Amino acid sequence: MGAGTAITTTPLDAAAIVRTLDATGIGAVATFVGLVRDNNLGRKVLHLEYEAYEPLALRGLELIIAEVSEKWPAVRLAIHHRIGRMEIGEASVAIAAASSHRADAFAAARYAIERIKQIVPIWKHEYFEGGDVWIEGATADPDNVEARDKAMKAACT
Amino acid sequence: MHVTVRLFARLRDIAGAGELQREVPGGATVSTVWSALMAEFPEMSPYEKSISCAVNADYSRFTATVADGDEIAFLPPVSGG
(Lines give C-alpha, C1' and ligand atoms only; values in the text may rest on other atoms or scores of the structure.)
Protein backbone atom coordinates (compact mmCIF):
# COMPACT_ATOMS: atom_id res chain seq x y z
CA MET A 1 0.00 0.00 0.00
CA GLY A 2 1.14 3.62 0.51
CA ALA A 3 4.69 4.88 0.86
CA GLY A 4 6.31 4.87 4.29
CA THR A 5 7.08 8.56 4.07
CA ALA A 6 5.12 11.65 3.10
CA ILE A 7 5.37 15.41 3.23
CA THR A 8 1.85 16.67 2.69
CA THR A 9 -0.37 19.71 3.05
CA THR A 10 -3.43 17.60 3.87
CA PRO A 11 -4.51 16.74 7.44
CA LEU A 12 -2.83 13.66 8.91
CA ASP A 13 -4.73 10.51 9.84
CA ALA A 14 -2.70 8.25 12.14
CA ALA A 15 -5.09 5.32 11.71
CA ALA A 16 -4.72 5.51 7.93
CA ILE A 17 -0.93 5.57 8.29
CA VAL A 18 -1.06 2.45 10.48
CA ARG A 19 -3.04 0.71 7.74
CA THR A 20 -0.21 1.31 5.26
CA LEU A 21 2.04 -1.02 7.29
CA ASP A 22 2.19 -4.74 6.53
CA ALA A 23 0.55 -6.41 9.55
CA THR A 24 2.09 -9.84 9.01
CA GLY A 25 3.56 -11.07 12.31
CA ILE A 26 2.74 -7.79 14.02
CA GLY A 27 1.63 -7.76 17.66
CA ALA A 28 2.08 -4.08 18.50
CA VAL A 29 1.82 -0.70 16.84
CA ALA A 30 3.02 2.48 18.54
CA THR A 31 1.81 5.72 17.03
CA PHE A 32 3.14 9.15 17.84
CA VAL A 33 1.22 12.23 16.79
CA GLY A 34 2.72 15.69 17.29
CA LEU A 35 0.18 18.51 17.72
CA VAL A 36 0.31 22.28 17.38
CA ARG A 37 0.45 23.48 20.99
CA ASP A 38 -1.30 26.63 22.14
CA ASN A 39 1.77 27.99 23.95
CA ASN A 40 5.53 28.13 23.54
CA LEU A 41 8.14 29.74 25.80
CA GLY A 42 5.45 31.72 27.57
CA ARG A 43 3.92 32.96 24.31
CA LYS A 44 0.29 32.41 23.37
CA VAL A 45 0.53 30.63 20.02
CA LEU A 46 -2.14 31.48 17.44
CA HIS A 47 -1.13 29.13 14.63
CA LEU A 48 1.95 27.65 12.95
CA GLU A 49 3.14 27.53 9.37
CA TYR A 50 5.51 24.72 8.44
CA GLU A 51 7.90 24.94 5.53
CA ALA A 52 10.03 22.12 4.10
CA TYR A 53 12.76 21.57 1.56
CA GLU A 54 10.62 18.75 0.28
CA PRO A 55 13.00 16.50 -1.67
CA LEU A 56 15.57 16.58 1.12
CA ALA A 57 12.92 16.24 3.83
CA LEU A 58 11.71 13.05 2.15
CA ARG A 59 15.29 11.85 1.92
CA GLY A 60 15.73 12.62 5.63
CA LEU A 61 12.63 10.61 6.52
CA GLU A 62 13.88 7.70 4.40
CA LEU A 63 17.21 7.93 6.18
CA ILE A 64 15.45 7.69 9.56
CA ILE A 65 13.55 4.62 8.37
CA ALA A 66 16.87 3.08 7.28
CA GLU A 67 18.42 3.85 10.67
CA VAL A 68 15.47 2.24 12.42
CA SER A 69 15.74 -0.84 10.19
CA GLU A 70 19.39 -1.13 11.11
CA LYS A 71 18.71 -0.99 14.85
CA TRP A 72 15.36 -2.78 14.89
CA PRO A 73 15.29 -5.00 11.76
CA ALA A 74 11.78 -6.33 12.42
CA VAL A 75 10.16 -2.92 12.91
CA ARG A 76 8.04 -1.43 10.12
CA LEU A 77 7.87 2.34 10.22
CA ALA A 78 5.88 5.06 8.48
CA ILE A 79 6.37 8.79 8.95
CA HIS A 80 4.11 11.51 7.56
CA HIS A 81 4.82 15.19 8.16
CA ARG A 82 2.36 17.92 7.33
CA ILE A 83 3.44 21.34 6.04
CA GLY A 84 1.62 24.62 5.48
CA ARG A 85 -0.66 26.40 7.94
CA MET A 86 -1.91 24.49 10.97
CA GLU A 87 -4.24 25.55 13.74
CA ILE A 88 -3.90 24.74 17.45
CA GLY A 89 -4.51 21.05 18.11
CA GLU A 90 -3.90 19.93 14.53
CA ALA A 91 -1.41 17.14 13.88
CA SER A 92 1.88 18.21 12.33
CA VAL A 93 3.57 14.82 12.34
CA ALA A 94 2.38 11.23 12.63
CA ILE A 95 4.60 8.19 13.12
CA ALA A 96 3.54 4.56 13.15
CA ALA A 97 5.95 1.84 14.25
CA ALA A 98 4.84 -1.76 14.04
CA SER A 99 6.64 -4.70 15.59
CA SER A 100 6.06 -8.18 16.92
CA HIS A 101 6.24 -6.84 20.50
CA ARG A 102 5.63 -3.47 22.13
CA ALA A 103 9.12 -2.57 23.31
CA ASP A 104 10.63 -2.16 19.86
CA ALA A 105 7.56 -0.38 18.54
CA PHE A 106 7.70 2.26 21.29
CA ALA A 107 11.47 2.65 20.97
CA ALA A 108 11.43 3.01 17.19
CA ALA A 109 8.66 5.62 17.28
CA ARG A 110 10.54 7.62 19.92
CA TYR A 111 13.79 7.40 17.98
CA ALA A 112 12.05 8.58 14.81
CA ILE A 113 10.58 11.74 16.35
CA GLU A 114 13.92 12.62 17.97
CA ARG A 115 15.69 12.22 14.61
CA ILE A 116 13.02 14.24 12.77
CA LYS A 117 13.75 17.14 15.09
CA GLN A 118 17.48 16.75 14.48
CA ILE A 119 17.95 16.26 10.76
CA VAL A 120 14.84 16.78 8.62
CA PRO A 121 14.75 20.15 6.80
CA ILE A 122 11.38 21.35 8.05
CA TRP A 123 10.86 24.66 9.83
CA LYS A 124 8.02 26.02 11.91
CA HIS A 125 7.03 29.66 11.72
CA GLU A 126 5.24 30.51 14.93
CA TYR A 127 2.55 33.18 14.92
CA PHE A 128 1.89 34.23 18.48
CA GLU A 129 0.02 37.00 20.23
CA GLY A 130 2.18 40.03 19.51
CA GLY A 131 4.39 38.76 16.70
CA ASP A 132 5.88 35.90 14.76
CA VAL A 133 9.18 34.03 14.82
CA TRP A 134 10.95 31.24 12.96
CA ILE A 135 11.71 28.44 15.40
CA GLU A 136 15.29 27.24 15.06
CA GLY A 137 16.29 23.95 16.65
CA ALA A 138 19.10 21.67 15.56
CA THR A 139 21.79 22.01 12.91
CA ALA A 140 20.78 19.36 10.37
CA ASP A 141 23.66 16.91 10.10
CA PRO A 142 22.72 13.23 9.71
CA ASP A 143 26.36 12.22 10.26
CA ASN A 144 26.59 13.84 13.69
CA VAL A 145 27.19 10.77 15.84
CA GLU A 146 26.57 12.64 19.09
CA ALA A 147 23.08 13.67 17.97
CA ARG A 148 22.28 10.16 16.79
CA ASP A 149 23.44 8.70 20.12
CA LYS A 150 21.28 11.22 21.95
CA ALA A 151 18.23 10.11 19.95
CA MET A 152 19.04 6.47 20.60
CA LYS A 153 19.44 7.14 24.31
CA ALA A 154 16.06 8.88 24.42
CA ALA A 155 14.51 5.88 22.66
CA CYS A 156 16.11 3.18 24.77
CA THR A 157 15.92 4.42 28.34
CA MET B 1 29.51 28.64 -13.47
CA HIS B 2 25.88 29.06 -12.73
CA VAL B 3 24.23 27.76 -9.57
CA THR B 4 20.78 27.93 -8.02
CA VAL B 5 20.77 28.89 -4.36
CA ARG B 6 17.81 27.71 -2.26
CA LEU B 7 16.99 29.44 1.02
CA PHE B 8 14.49 28.54 3.70
CA ALA B 9 12.75 29.96 6.75
CA ARG B 10 14.53 33.03 8.16
CA LEU B 11 17.23 32.93 5.46
CA ARG B 12 14.51 33.18 2.82
CA ASP B 13 13.01 36.14 4.65
CA ILE B 14 16.39 37.90 4.81
CA ALA B 15 17.04 37.41 1.08
CA GLY B 16 13.45 38.19 0.15
CA ALA B 17 13.41 35.12 -2.10
CA GLY B 18 13.61 31.37 -1.72
CA GLU B 19 15.59 30.89 -4.88
CA LEU B 20 18.50 32.91 -6.28
CA GLN B 21 20.50 32.44 -9.47
CA ARG B 22 24.19 33.18 -8.97
CA GLU B 23 27.46 32.99 -10.89
CA VAL B 24 30.38 31.39 -9.04
CA PRO B 25 34.01 30.87 -10.10
CA GLY B 26 35.23 27.47 -11.28
CA GLY B 27 36.45 25.30 -8.42
CA ALA B 28 34.05 26.97 -6.01
CA THR B 29 32.92 25.05 -2.95
CA VAL B 30 29.66 25.35 -1.02
CA SER B 31 31.65 27.53 1.36
CA THR B 32 32.49 29.94 -1.49
CA VAL B 33 28.80 30.27 -2.32
CA TRP B 34 27.90 30.85 1.34
CA SER B 35 30.60 33.51 1.78
CA ALA B 36 29.33 35.41 -1.25
CA LEU B 37 25.82 35.19 0.14
CA MET B 38 26.89 36.57 3.53
CA ALA B 39 28.66 39.44 1.77
CA GLU B 40 25.44 40.17 -0.11
CA PHE B 41 23.20 39.72 2.96
CA PRO B 42 25.22 40.54 6.12
CA GLU B 43 22.18 39.69 8.23
CA MET B 44 22.89 36.03 7.45
CA SER B 45 26.28 36.14 9.20
CA PRO B 46 24.95 34.97 12.59
CA TYR B 47 24.02 31.68 10.89
CA GLU B 48 27.66 30.91 10.04
CA LYS B 49 27.97 28.49 12.97
CA SER B 50 24.57 26.84 12.79
CA ILE B 51 23.60 26.29 9.17
CA SER B 52 24.02 23.13 7.19
CA CYS B 53 23.86 22.63 3.46
CA ALA B 54 22.62 20.40 0.69
CA VAL B 55 23.72 19.98 -2.90
CA ASN B 56 21.14 18.79 -5.42
CA ALA B 57 18.75 17.84 -2.60
CA ASP B 58 21.21 15.65 -0.73
CA TYR B 59 22.96 16.44 2.56
CA SER B 60 26.39 17.88 1.84
CA ARG B 61 29.39 19.62 3.39
CA PHE B 62 30.73 23.15 3.03
CA THR B 63 33.96 21.69 1.64
CA ALA B 64 32.12 20.04 -1.28
CA THR B 65 33.02 21.34 -4.74
CA VAL B 66 30.08 22.65 -6.72
CA ALA B 67 29.43 22.07 -10.41
CA ASP B 68 27.70 24.17 -13.06
CA GLY B 69 23.93 23.87 -12.70
CA ASP B 70 24.00 22.63 -9.09
CA GLU B 71 21.26 23.50 -6.63
CA ILE B 72 22.87 24.62 -3.36
CA ALA B 73 20.54 24.81 -0.36
CA PHE B 74 21.35 26.49 2.93
CA LEU B 75 19.46 25.11 5.90
CA PRO B 76 19.02 27.15 9.06
CA PRO B 77 18.60 25.01 12.20
CA VAL B 78 15.59 22.78 11.65
CA SER B 79 12.42 22.67 13.75
CA GLY B 80 10.17 19.97 12.39
CA GLY B 81 8.03 17.65 14.44
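Reader: How many residues does the contact take from chain A and from chain B?
Author: In this predicted model, chain A gives 26 residues to the contact and chain B gives 18 residues. To be counted, two residues must have their C-beta atoms, placed from the backbone, within 7 Å.

Reader: Which elements of chain A each supply at least two residues of the side that touches chain B?
Author: They are α2, β7 (91-99), α3 and β8 (122-128) of chain A. By class, that side of chain A has 15 nonpolar, five polar and six charged residues.

Reader: Let's turn to the helices. How do you know that α2(A) and α3(A) cross, and at what angle?
Author: The axes of α2 (residues 54-71) and α3 (residues 102-119) of chain A come within 10 Å and cross at roughly 145°. The crossing is a right-handed one. On the α2(A) side, A:G60, A:I64, A:E67 and A:V68 make the contact, while α3(A) brings residues including A:Y111, A:R115 and A:I119. Sorted by class, this contact has seven nonpolar, one polar and two charged residues.

Reader: What do α2(A) and α3(A) lie across?
Author: Helix α2(A) lies across β1 and β5 of chain A, at about 150° to β1(A). Helix α3(A) lies across β2, β5 and β7 of chain A, at about 145° to β7(A).

Reader: Why do β1 and β2 of chain A stand at the edges?
Author: Four strands of chain A form an open sheet, in the order β1-β5-β7-β2, with mixed pairing. β1 (5-8) and β2 (28-35) each have a single partner strand, so one side of each is left without a neighbour in the sheet. On average, neighbouring strands here are turned by 10° against each other, direction ignored.

Reader: What makes β5(A) and β7(A) a pair, and in which sense do they run?
Author: Pairing takes at least two bridges found by DSSP. β5 (residues 76-82) and β7 of chain A have six bridges, in the antiparallel sense, so by that rule they pair. One of the bridges joins A:H81 to A:V93 in β7(A).

Reader: Now chain B. What makes you call β2(B) hardly covered?
Author: A residue is buried if 20 or more other C-beta atoms lie within 10 Å of its own. Strand β2 (residues 19-23) of chain B has five residues, and the count of buried ones is zero. The conclusion is therefore that none of the five reaches that cut-off.

Reader: How many bridges join β1(B) and β2(B)?
Author: Strand β1 (residues 2-7) of chain B pairs with β2(B) in the antiparallel sense over five bridges. B:T4 stands opposite B:Q21 in β2(B).

Technical notes
Residues are numbered from 1 along each chain as its sequence is written. Chains are lettered from A and ligands numbered from 1 in the order in which they are written. This is a predicted model: local features need pLDDT of at least 70, side-chain atom pairs count only at pLDDT 80 or more; totals for chains, interfaces and linings use all residues. Axes are lines fitted to C-alpha atoms, for helices over the stretch in contact, and angles run from 0 to 180 degrees between N-to-C directions. A crossing is left-handed if the near helix is turned anticlockwise from the far one by less than a right angle, and right-handed if clockwise. Ala, Val, Leu, Ile, Met, Phe, Trp, Tyr, Cys and Pro count as nonpolar, Asp, Glu, Lys and Arg as charged, and the others, Gly among them, as polar. A residue is buried if 20 or more other C-beta atoms lie within 10 Å of its own, exposed if 12 or fewer, and partly exposed in between; C-beta atoms are placed from the backbone.
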